[in-house]
Amino acid sequence: MIEPLEPRIAPATMLITTGADGSLTITGSAGSDGLFISSPDRGRMSIQASMGNLSLDGSPDADLVHVPMPRGAVVIDLGAGNHNVQLTDLIFQRGLTIDMGDGTDGILLIRTKVRGGLAIDTGADDDRGPGLDHGGAEQ
């Protein structure tokens, strides 16, 4: 006798797109997202999902992708949900924009430099991290 398996829900997927101008955009899933982004060497960026999966320019889902270090602007737009983002050992040459969306969010930048402008929007709800108050505004 064959018994049916329990239904399974695929993990949410964050989309990563690269532009011809050297830009990089990470768009969050419909749920909670976790990202750890670092630079293992000067020319490469590693993006790892701690919650959900990643899809680079339409590739199959993975939990870790490597891309050349972006030459253009970097945008991380995670939308609603509870998110955690850690950026470590990075240099952004053309600016960094992070929109954490509404939800309980945490962000941590370690040994990270941004040239060309930095914008962080933590949205509403209870946010935590160095430099963030609990109203969702950048300090």
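Visitor: A strand here is a DSSP run of E, at least two residues, numbered from the N terminus. Which strand is Gln86 found in?

Guide: Gln86 sits in strand S8. Keep in mind that this is a predicted model.

Visitor: Is Gln86 buried, exposed or partly exposed?

Guide: Gln86 is partly exposed, with a relative accessible area of 25%. That value counts as partly exposed because buried means under 20% and exposed means over 50%.

Visitor: What does Gln86 touch, leaving aside neighbours within four places in sequence?

Guide: Gln86 is in contact with Leu35, Phe36, Ile37, Leu108 and Ile110. Take Phe36: it is 50 residues from Gln86 in sequence, yet their C-alpha atoms are 4.9 Å apart. Gln86 also has a side-chain polar contact with Thr88, at 3.0 Å.

Visitor: Let's zoom out. How many helices and strands are there?

Guide: The protein has zero helices and 13 strands.

Visitor: Which strands form the open sheet, and in what order?

Guide: Five strands form it, in the order S6-S4-S3-S8-S11. The pairing is mixed. S6 (64-68) and S11 are the edge strands, each pairing on one side only. From one strand to the next, the twist averages 15 degrees.

Visitor: Take S3 and S4. How many bridges join them, and do they run parallel or antiparallel?

Guide: S3 covers residues 33-41, and six bridges join it to S4. The two run antiparallel. One of the paired residues is Asp41, whose bridge partner in S4 is Arg44.

Visitor: What else do Asp41 and Arg44 form together?

Guide: They form a salt bridge, with the closest N and O atoms 3.3 Å apart. Asp41 is partly exposed, at 35% relative accessible area. Arg44 is partly exposed too, at 30%.

Visitor: How many salt bridges does the structure hold?

Guide: Two. Besides Asp41 with Arg44, there is Arg111 with Asp89, at 2.6 Å from N to O.

Visitor: Where do Arg111 and Asp89 lie?

Guide: Both are in loops. Arg111 lies between strand S11 (106-110) and strand S12 (113-114). Asp89 lies between strand S8 (83-88) and strand S9 (91-92). So the pair ties together parts that are 22 residues apart in sequence.

Visitor: And those two, buried or exposed?

Guide: Arg111 is exposed, at 60% relative accessible area. Asp89 is partly exposed, at 34%.

Visitor: Now the inside. Which residues of the largest nonpolar core touch the most other members?

Guide: Leu35, Ile37, Met45, Ile47, Ile76 and Leu87 do, out of 26 residues in that core. Strand S4 (residues 44-51) gives the most to this core, with three residues.

Visitor: Pick Ile47. What does Ile47 touch beyond four places in sequence?

Guide: The list includes Ile16, Leu24, Ile26 and Leu54. Leu35, Phe36 and Ile37 are also on it.

Visitor: Last one. How much of the whole protein is buried?

Guide: Buried residues make up 38% of the 139 residues. As for contacts between residues at least 6 apart in sequence, 33% join residues at least 24 apart.

Technical notes:
Residues are numbered from 1 along each chain as its sequence is written. This is a predicted model: local features need pLDDT of at least 70, side-chain atom pairs count only at pLDDT 80 or more; totals for chains, interfaces and linings use all residues. Side-chain values use heavy atoms; hydrogens and water are left out. A nonpolar core is a set of buried Ala, Val, Leu, Ile, Met, Phe, Trp, Tyr and Cys residues joined through side-chain atoms within 4.5 Å. Buried means under 20% relative accessible area, exposed over 50%, partly exposed in between (1.4 Å probe, protein chains only). Helices (H or I, at least four residues) and strands (E, at least two) are DSSP runs, numbered from the N terminus. Contact means heavy atoms within 4.5 Å. A salt bridge is a side-chain nitrogen of Lys or Arg within 4 Å of a carboxyl oxygen of Asp or Glu. Two strands pair if DSSP finds at least two bridges between them. Axes are lines fitted to C-alpha atoms, for helices over the stretch in contact, and angles run from 0 to 180 degrees between N-to-C directions. A polar contact is a pair of N or O atoms within 3.5 Å; within protein, one must be able to donate a hydrogen and the other to accept it, and residues adjacent in sequence count only if both atoms are side-chain atoms.
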